[in-house]
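Dear colleague,

Please find below the structure that I am handing over to you, together with its sequence. My notes on what was found in it follow.

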Amino acid sequence: NTIVIVAGDHGENLGDNGASGKGMPWHAAVSTPLFIMGPGIRHGRVHEGPVSTLDLGGTWLDYAGVSSMAPGMTTSSLRSILAQDMSLPRRPHVSSGYLEWRTVIKEMPTSPEDPTLTSYKLICAKSPKGMKGAPKSATPFPAGEPWHIMLFDVTRDPDDLLPIEQLRPDVIAELLPLLPEGWCR
């Protein structure tokens with residue numbers, strides 16, 4: 001009756017795109033390993049959609065039988081993903097941020113014509129510092145602008161190498177309101 005969770009704190013950017021260290025919005029810094037195993041958890045299942053280690057607390061409480069979270073808690077349970085029971089509630093998107101950037105990742109249909117789910121990542125940088133370690137394909141920070149927006153399909157492009165913000169303004173419009181107040185709007 002034991003559930004085992006192995007999680008990482010953050011990535012490290014060990015030379016990816018010429019950068020090192022944490023605190024950047026790129027895959028090598030924000031993606032971390034997360035392994036969960038135990039009774040009631042589908043064996044051998046890999047979930048490709050976004051999740052947050054912030055939700056480990058909510059997951060522990062859910063498996064412990066706590067039916068409601070304390071006021072102000074923003075954690076969600078990962079149980080629906082672990083049990084592969086999508087009728088259970090789950091977090092609609094994941095967000096993160098550091099000094100000069102904020103990001104939101106959401107599982108959405110690939111396009112209006114293709115209902116296959118993919119995960120889009122919107123990055124909002126408020127200065128060129130927020131672009132540190134950007135892949136060479138990223139659009140440079142526009143001179144004289146207060147913000148820079150980048151969009152990636154992290155299912156098809158897990159290393160954030162192919163920015164698609166010019167191709168998917170509809171996705172940007174859906175993700176922008178999910179950023180914290182005062183970021184890119």
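**The largest pocket**

Strand β3 supplies the largest share of the lining of the largest pocket, namely five residues. The model is a predicted one, in which local features need pLDDT of at least 70 and side-chain atom pairs count only at pLDDT 80 or more, while totals for chains, interfaces and linings use all residues. Residues are numbered from 1 along each chain as its sequence is written, and side-chain values use heavy atoms, with hydrogens and water left out. Helices (H or I, at least four residues) and strands (E, at least two) are DSSP runs, numbered from the N terminus.

The volume of this pocket is about 1,500 Å³. A pocket here is an open set of points on a 1 Å grid over the protein atoms alone, where a 1.4 Å probe fits, with protein on both sides within 12 Å along at least five of seven lines; lining residues have an atom within 4 Å of a point. The volume is the space filled by probe spheres set on the points. There are 48 lining residues, and those closest to the pocket centre are Ser-31, Thr-32, Leu-34, Gly-49 and Val-51. Elements that each supply at least two lining residues include α1 (27-30), β2 (34-37) and β5 (117-125). By class, the lining has 22 nonpolar, 19 polar and seven charged residues (Ala, Val, Leu, Ile, Met, Phe, Trp, Tyr, Cys and Pro are nonpolar; Asp, Glu, Lys and Arg are charged; the others, Gly among them, are polar).

**Helix α2**

In helix α2 (residues 56-63), Leu-56, Gly-58 and Thr-59 are buried, that is, under 20% relative accessible area, where exposed is over 50% and partly exposed lies in between (1.4 Å probe, protein chains only). Their cover includes β1 (4-7), β2 and α3. Asp-62 also belongs to α2 and is partly exposed, at 23% relative accessible area. Beyond its neighbours within four places in sequence, Asp-62 is in contact (heavy atoms within 4.5 Å) with Ser-77 and Arg-79. Asp-62 and Ser-77 lie 15 residues apart in sequence, with 6.3 Å between their C-alpha atoms. Just after the helix, Gly-65 has a positive phi of about 95°.

**The protein as a whole**

The protein contains four helices and six strands. Their order along the sequence is β-α-β-α-α-β-β-β-β-α. The C-alpha trace spans about 55 × 40 × 35 Å along its principal axes. Of the 185 residues, 36% are buried.

With kind regards
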